[in-house]
Amino acid sequence: MAAAAEADLEALVAISSPSGDVEGAEAALRLCASRLPADTVIERVPCASPGHAPDLLARVPGSGAGRIVLLGHVDTVISHAHHVPLHREGDRWRGPGTVDMKGGVALALALARELAQRRDAFAELGVLLVVDEEWRLQPFTHVQSFAGYDACLCFEAGERTSTGAEGVVVQRKAAGTLRVRAHGRAAHAGSSPDAGINALLALAEAATVAAALHDPDGPEALSVVPSMIRAGSAINVVPAEGELTIDVRAASDAAFAQVIDAISASTASTASATVVPELLRSWPHMNTRAATAPLLEAASARLGHPIVGVARGGASDASHFAATLPLTIDGLGPRGGHAHSPEEFVLGSSLQERGDVALAIAETVLADAAT
């Protein structure tokens with residue numbers, strides 16, 4: 001599995017596939033489809049995001065019991081201009097998407113081929129690879145295609161715990177994107193500055209109010225990060241329009257409302273520009289810790305060393321499955337770091353280690369389904 005995953009990882013990283021690029025997504029999914037068993041039933045289903053290539057939904061038929069879906073995405077945040085092929089520096093293999101998450105996709109494909117050699121071990125093996133995970137704003141659309149499955153295994157980056165145990169993700173925060181629009185009035189910045197209403201200042205106030213709610217160690221585990229701002233059209237004009245983007249994370253998406261309410265309340269009583277906050281994107285939280293505990297204990301015994309459920313703040317498509325498939329486990333991909341940056345890397349040695357973890361968990365799910 002590890003040797004096959006290494007070859008597929010190199011081939012996938014050689015393809016530049018930033019979110020929204022149809023040609024890159026098609027090339028990546030063609031490669032993935034070619035690496036699935038010959039009798040796999042492959043569909044290209046509409047992506048949730050308009051203008052994107054269709055997602056890939058594959059089903060490998062079996063003659064046994066138990067159904068598992070392997071989940072991943074082939075899009076990256078690195079543009080064509082900054083794309084480079086896989087470059088090995090000892091155990092650090094650098095390249096766009098190596099850890100987020102082409103390394104994980106390569107392992108998922110290797111696991112699918114491994115399990116396909118034992119058709120009596122499962123009834124159906126699903127593989128879902130999407131092309132818009134990094135920038136999706138629309139609702140996720142594929143969960144019902146796998147209703148009734150026994151488990152969802154997602155291959156975002158893996159990790160080791162502080163005690164050296166293999167960590168898999170069983171808990172994630174809800175993730176949201178707030179867009180705050182400001183509407184003011186333009187005026188000449190030199191001759192009549194006070195005739196204008198400054199949208200930039202209103203957005204700065206909104207950012208400050210929102211950031212004051214940042215409390216990741218509090219009861220809601222709320223993180224609030226103003227991340228982008230745009231205002232004005234010329235250096236000598238009072239900005240009349242602008243837009244602020246805020247990243248919000250919390251134990252539950254219900255906490256996002258307090259950020260919106262605080263922004264609305266702080267600007268309603270002032271003479272500044274009109275400020276309109278809205279929730280542009282909301283991904284659900286995930287907490288399958290209790291449901292997956294017996295499974296991880298049995299998989300640990302099968303593997304011969306501990307597999308531990310951990311929490312992570314980043315968002316993932318696994319969160320969309322968790323409410324429907326209680327045995328949803330994420331973080332099965334290889335270990336690495338610096339995701340979303342030119343320094344992104346995966347640890348080559350972790351391909352085998354994490355492949356062993358994924359195989360132990362999949363075998364345990366299927367063994368339980370057969371009893």
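Tutor: A crossing is left-handed if the near helix is turned anticlockwise from the far one by less than a right angle, and right-handed if clockwise. Please note that this is a predicted model, in which local features need pLDDT of at least 70, side-chain atom pairs count only at pLDDT 80 or more, and totals for chains, interfaces and linings use all residues. Residues are numbered from 1 along each chain as its sequence is written, and side-chain values use heavy atoms, with hydrogens and water left out.

Student: What is the handedness of the crossing of α1 and α3?

Tutor: The crossing of these two helices is right-handed. Helices here are DSSP runs of H or I with at least four residues, strands are runs of E with at least two, and both are numbered from the N terminus.

Student: Why is α1 called oblique to α3?

Tutor: Helix α1 (residues 2-13) and helix α3 (residues 98-116) pack at about 135°, with their axes 8 Å apart. Axes are lines fitted to C-alpha atoms, for helices over the stretch in contact, and angles run from 0 to 180 degrees between N-to-C directions. Angles under 35 degrees count as roughly parallel, over 145 as roughly antiparallel, 65 to 115 as roughly perpendicular, and the rest as oblique. The packing angle of about 135° therefore makes α1 oblique to α3.

Student: Which residues of α1 take part in the contact with α3?

Tutor: Contact means heavy atoms within 4.5 Å. A4, A5, D8, L9, L12 and V13 of α1 meet residues of α3, including K102, V105 and R113. The contact divides into 10 nonpolar, two polar and three charged residues. In this scheme Ala, Val, Leu, Ile, Met, Phe, Trp, Tyr, Cys and Pro are nonpolar, Asp, Glu, Lys and Arg are charged, and the others, Gly among them, are polar.

Student: What describes the packing of α3 and α8?

Tutor: Helix α8 (residues 350-370) packs with α3 at an angle of about 50°, the axes being 10 Å apart. The two are therefore oblique to each other, and their crossing is right-handed. Among the contacting residues are L107 and L111 of α3 and A358 and L359 of α8.

Student: What makes β1 and β16 edge strands?

Tutor: Two strands pair if DSSP finds at least two bridges between them. The open sheet of six strands has the order β1-β2-β6-β3-β7-β16, with mixed pairing. β1 (41-45) and β16 (328-329) each have a single partner strand, so one side of each is left without a neighbour in the sheet.

Student: How do you know that β3 and β7 are paired?

Tutor: Four bridges join β3 (residues 67-73) to β7 (residues 151-154), and the two strands run parallel. L71, for instance, has C154 in β7 as its bridge partner.

Student: What joins β5 to β18?

Tutor: Three bridges join these strands, which run antiparallel. In β18, F345 is the bridge partner of R94.

Student: Why is the pair of R94 and E343 called a salt bridge?

Tutor: A salt bridge is a side-chain nitrogen of Lys or Arg within 4 Å of a carboxyl oxygen of Asp or Glu. The side chains of R94 and E343 meet at 3.3 Å, N to O. R94 lies in β5 (residues 92-94) and E343 in the loop between β17 (336-337) and β18 (345-347), so the pair ties together parts 249 residues apart in sequence. The structure holds 25 salt bridges.
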